[in-house]
Amino acid sequence: MKYAICNETFEGWDHARVCARVAELGYTGLEVAPFTLAPLITEVSAARRAELRRQAEAAGVQIIGLHWLLAKTEGFHLTSSDPAVRKRTGEYLAELAYAAADLGGDILVLGSPFQRNLPDGMSHAQGEEYALDTLRHCLPALERSRVYLCLEPLTPAETNFMTSAAQGVALAKQLAHPFVKLHLDVKAMSAEVAPTPDVIRANRDWMYHFHANDPNKRGPGFGPTDFKPIFQALKDVNYTGWVSVEVFDYSPDPDTIARESIRYMRECAG
């Protein structure tokens, strides 16, 4: 298994320090939230991107890509009824793809629940059409940068659009693009009808990226979820991508989260 961790876990830490510490703990990948770099990814210069990549590689870590793509931004929305907003959002996703490639990664995780919610009165079918229109604006950039857009289903408690792996796959199938795939997240899959290992097996052909966390918003091993069957399912489908730790509860501290999460995952992976 290839283990990564999301950089916003280390709030306030310098990038080089984060890279050095996660490498010491055994991670070889770092997933980056754009808002930790600048309010907009377009404000991160080519020189700064190159510096961030060099610092990671010097520590023996790869920046694998970006997530929380639209978090803490304004003016972007996946399912907006306004074609100008959809175009602007798709073009910004394109810029994120170029940035991910500059940083050394090939993954964009499209979560950002608030920026995809359907407004009152909008049907799921209409929202899906708007989302497809938005995403088509970034497809050429995905191909040019060779970065995969990974659609992330979230729970109904977080959003009212794309709340199951099946809905994520349905959207990807309609886009029918080789650089549009599925992202699966343990916390999110806890809301699925089927057990998490079954969801993994059912979506083996679409899954490109994976988040390890507990439904309690903490790291793997910090809650009741047994990850042994989950890692067995990843092995069963011959998953060769990253297993990236993403948490939302940063207690007790970043170092403990990172250290104990990878220890537990290695134990479960066997």
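## Arg-218

Apart from neighbours within four places in sequence, Arg-218 makes contact with Asn-213, Val-247, Asp-249, Ser-251 and Pro-252. In this predicted model, Arg-218 sits in the loop between S7 and H9.

One of the contacts of Arg-218 is Pro-252. Along the chain these two residues are 34 residues apart, and their C-alpha atoms are separated by 9.9 Å.

## Overall form

The protein contains ten helices and eight strands. Its radius of gyration is 17 Å, close to the 18 Å that the globule rule gives for 270 residues, so the protein is as compact as a globular protein of that length. Along the principal axes, the C-alpha atoms fill a box of roughly 45 × 45 × 30 Å.

Of the 270 residues, 55% count as buried. Taking contacts between residues at least 6 apart in sequence, 80% join residues at least 24 apart.

## Surface and charge

The side chains include 27 positive and 34 negative ones, and the centres of the two sets lie 4 Å apart.

Strand S8 covers residues 242–245 and is covered on both faces. Trp-242 and Ser-244 are buried on one side, while Val-243 and Val-245 are buried on the other.

S8 pairs in the parallel sense with strand S1 (residues 2–6), over four bridges. Strand S7 (residues 207–212) also runs parallel to S8, joined to it by three bridges. Val-245 features in both pairings: Ile-5 stands opposite Val-245, and Val-245 is likewise the bridge partner of Ala-212.

## Strands S2 and S3

Strand S3 spans residues 62–66, and four of its five residues are buried, so the strand is largely enclosed by the rest of the structure. S3 runs parallel to strand S2 (residues 29–32), and four bridges join the two. Within this pairing, Glu-31 has Gly-65 of S3 as its bridge partner.

## Phe-161

Phe-161 lies in the loop between strand S5 (148–151) and helix H6 (165–175). With a relative accessible area of 1%, Phe-161 is buried, because that class takes in values under 20%.

Leaving aside neighbours within four places in sequence, the residues in contact with Phe-161 are Leu-78, Thr-79, Arg-116, Leu-118, His-124, Gly-127, Glu-128, Ala-131 and Leu-171. Thr-79, one of these contacts, is 82 residues away from Phe-161 in sequence, with a C-alpha to C-alpha distance of 8.8 Å.

## Lys-228

Lys-228 belongs to helix H9, which comprises residues 228–236. Its relative accessibility is 45%, so Lys-228 counts as partly exposed; the exposed class requires over 50%. Lys-228 and Gly-270 are 42 residues apart in sequence, and 8.5 Å separates their C-alpha atoms in space.

Key: Residues numbered from 1 in each chain as written. Predicted model: local features only at pLDDT ≥ 70, side-chain atom pairs only at ≥ 80, totals over all residues. Heavy atoms only, no water. Rg over C-alpha atoms; globule rule 2.2 N^0.38 Å. Buried < 20%, exposed > 50% of the residue type's maximum accessible area, 1.4 Å probe, protein only. Contact = heavy atoms within 4.5 Å. Lys, Arg positive; Asp, Glu negative; His and termini not counted. Charge placed at Lys NZ, Arg CZ, Asp CG, Glu CD. Pairing = 2+ DSSP bridges.
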